[in-house]
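Visitor: I would like to go through this model with you, asking at each step what the words rest on. Could you show it to me?

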Amino acid sequence: MVQILRLIGGRILLSLLTLLLVSLIIFAAVEVLPGDVATRILGREATAGSLAALRAQLHLEDPATLRYLRWLGGIVRGDFGFALTSARPISVILAPKLFNTLILALAAFLLYLPLAIIPALIQAIRRDRPVDHGLSVVTLVLLSTPDFLLATILLFIFVMTAGLLPSMSIVDETSTFTEYLRAIALPALTLAIVMAAYAVRMLRDNLIEVLDSEYVRMAELKGLSRRRVLLRHALPNALIPSLNITALNVGYVIGGVVVVEKVFSYPGLGSQLVNALQLLDYPLFEATVLIAAGFYIVANMLADIGSILLNPRLRSGQ
Amino acid sequence: MTTASVSRPRPSGWQQASRLWRRAPRSFRIGAVILAFHILAAAIGLFWTPYGFSQLFTGAPLSGMSWQHPFGVDQSGRDILSRVLYGGHIVLLLSISGTSLGLVIGATIGLLSGYIGGWLDEILQRVLEAIISIPFIVLALIAIAAAGPELAGNPLLIVLVVALVYAPRIARMARAAALDIVTRDFITAARLRGESAWSVMWRELLPNATSVLLVEFALRAGYAPVLIGSLGFLGFGMRPPMPEWGLLISENRAALITNTPITVLGPGLALASLVVGLNLFTEGLARILGRSVQIGQR
């Protein structure tokens, strides 16, 4: 037990260190690299007066270390400072976007599971038959299709041709549940397909390996129904090695929302990131990036802690 | 009694090559054919396209598929096929040079870090781990933010961004390979001969890590067109009128409303088929070199 706690504690400390390094990298990349931040934001034609005003607003006269520590101190207290392009606090701007992105990611994961498991099951049962080869080709093509292209094609099929869904996934606090559902359907489907294409291949191979194993043969010989053998004996064992694929997919979703939210104009963290960069609103950009990276680090940490807890050798304290 | 040695005619280079080709995995062969087609098309597109890649009014704006314009015409009347053809060498050159630069930086850092070890390795690992924990596209956008708007659209910036995104991931693989090689005797021998870390890396580690690095290079090169396309699509990559494929898809997205999907699907087909080719090639290459690879890794 002590061993488990020590492992988990170490993992949490490591994640905090990584997060700290990430914050340093972001800050250094945007604010310390050569070139004046104020000139970069306002452009070459800016007057000396407006440059000085912006420098004062961003405290650019202070040394970089002091600015970094002040920024970090604020973040620890949940204060990200103010956006340049609108005088509102960054935390107020980002809170609803974060909520929207979380809803989108959740929906994507709910869609992802059946999209990954069902084709893999079909392929494993009909191994080396035409349907197996066909699905292999389909997953390879989907795997090679950039997410922005897939999103655009889905948009064309469901919105322009079938007219089933809105082309702009615009939601706000007043949106009803149905409106949310319609808005996130296509972005979530895009993300789910990309993730599933990545997982299906591995899941298929794992399933085939499990189906060839002795205990599955045993279950078959006991006279259990095919369905029961597949769903109760084979699938759970094939899913465990696929867990790390799902952890990688969490990482994908955090980057994938940047592109996919932009295609559907969905107001989440991803489109916020792109907008902040387009408007050269560096404080907002830095905060958004830090939150995105933070999510990935926390998700990875949880996945690792989960696998520590699931590891029977560690659990029994041997 | 001596047996007369029957001397078989030595197989010619061509015969050897064709035997190797027939023995190669099917994915490798299909991938290589697709890649050869893309390289050929890009080479042709560099010198000849049906219309100029930025020539206006070649046909009725926003028209769909026709014999004169197989990929349709965009809203300024530019022929999409010509744009896709001309864009080929841009996509290929940016991807290859970005990935190569990332390979050189990543392999150097990874091999040296794994060989030298100690606190330097420890620090480098933490930093690389931190960079890797920033998602691909986000890391690319940070680099673009750092470069500032002055450099926007500069092909050199895109090469640097691709290299920056890949180098830490390649370094991690190279380090793992180095840790494996370092335990062998010839490394100890080299160390005892008093060779410098640089020369050990160059003469002992690198030749033994070639297959790992080759597969890693192919894998990363397979995703580079998507990364470059995503940047172009978001408006942070190549600038109009350069016909980079992601940018083409973004430009013609508006035309979907007028029901000319081919203007988007044409460039999309080019991009997706290139990535399919690269992925198949990588999978086959990994099998030839006896490595396992997870295609589509991001």
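Guide: Gladly, and let us start with a term: contact means heavy atoms within 4.5 Å. Leaving aside neighbours within four places in sequence, B:Trp198 is in contact with B:Thr108 and B:Leu112. The model is predicted, so local features need pLDDT of at least 70 and side-chain atom pairs count only at pLDDT 80 or more, while totals for chains, interfaces and linings use all residues. Residues are numbered from 1 along each chain as its sequence is written, chains are lettered from A and ligands numbered from 1 in the order in which they are written, and side-chain values use heavy atoms, with hydrogens and water left out.

Visitor: Where is B:Trp198 found?

Guide: B:Trp198 is found in helix H8 (residues 197-208) of chain B. Helices (H or I, at least four residues) and strands (E, at least two) are DSSP runs, numbered from the N terminus.

Visitor: How many helices and strands does chain B have, and how many does chain A have?

Guide: Chain B has 11 helices and 0 strands, and chain A has 14 helices and 0 strands. The C-alpha atoms of chain B fill a box of roughly 75 × 65 × 30 Å along the principal axes; for chain A the box is roughly 85 × 60 × 35 Å.

Visitor: Why is A:Arg67 called buried?

Guide: Buried means under 20% relative accessible area, exposed over 50%, and partly exposed in between (1.4 Å probe, protein chains only). A:Arg67 has a relative accessible area of 10%, so it counts as buried. This residue is found in helix H4 (residues 64-76) of chain A. Its contacts, apart from neighbours within four places in sequence, are A:Phe27, A:Glu31, A:Leu58, A:His59, A:Leu60 and A:Asp62. By chain, buried residues make up 47% of the 318 residues in chain A and 53% of the 298 residues of chain B.

Visitor: What makes the pair B:Glu283 and A:Arg201 a salt bridge?

Guide: The term asks for a side-chain nitrogen of Lys or Arg within 4 Å of a carboxyl oxygen of Asp or Glu. The closest N and O atoms of B:Glu283 and A:Arg201 are 2.5 Å apart, so the pair qualifies. The count between chain A and chain B is 1 salt bridge.

Visitor: What area is buried between chain A and chain B?

Guide: About 4,100 Å², of which carbon and sulfur atoms give 77%. Buried area is the accessible area (1.4 Å probe) that two parts lose on being put together, summed over both. A:Phe148, A:Phe156 and A:Tyr198 supply 15% of the area that chain A buries against chain B, more than any other three residues. The contact takes 51 residues from chain A and 47 residues from chain B.

Visitor: Which residues lie nearest the centre of the second largest pocket?

Guide: They are A:Ser136, A:Arg201, A:Arg204, B:Glu283 and B:Arg287, out of 22 lining residues. Helices H6 (130-144) and H8 (177-211) of chain A and H2 (26-47) and H11 (262-288) of chain B each give two or more residues to that lining, and H6(A) gives the most, with 6 residues. On a 1 Å grid over the protein atoms alone, a pocket is an open set of points where a 1.4 Å probe fits, with protein on both sides within 12 Å along at least five of seven lines, and lining residues have an atom within 4 Å of a point.
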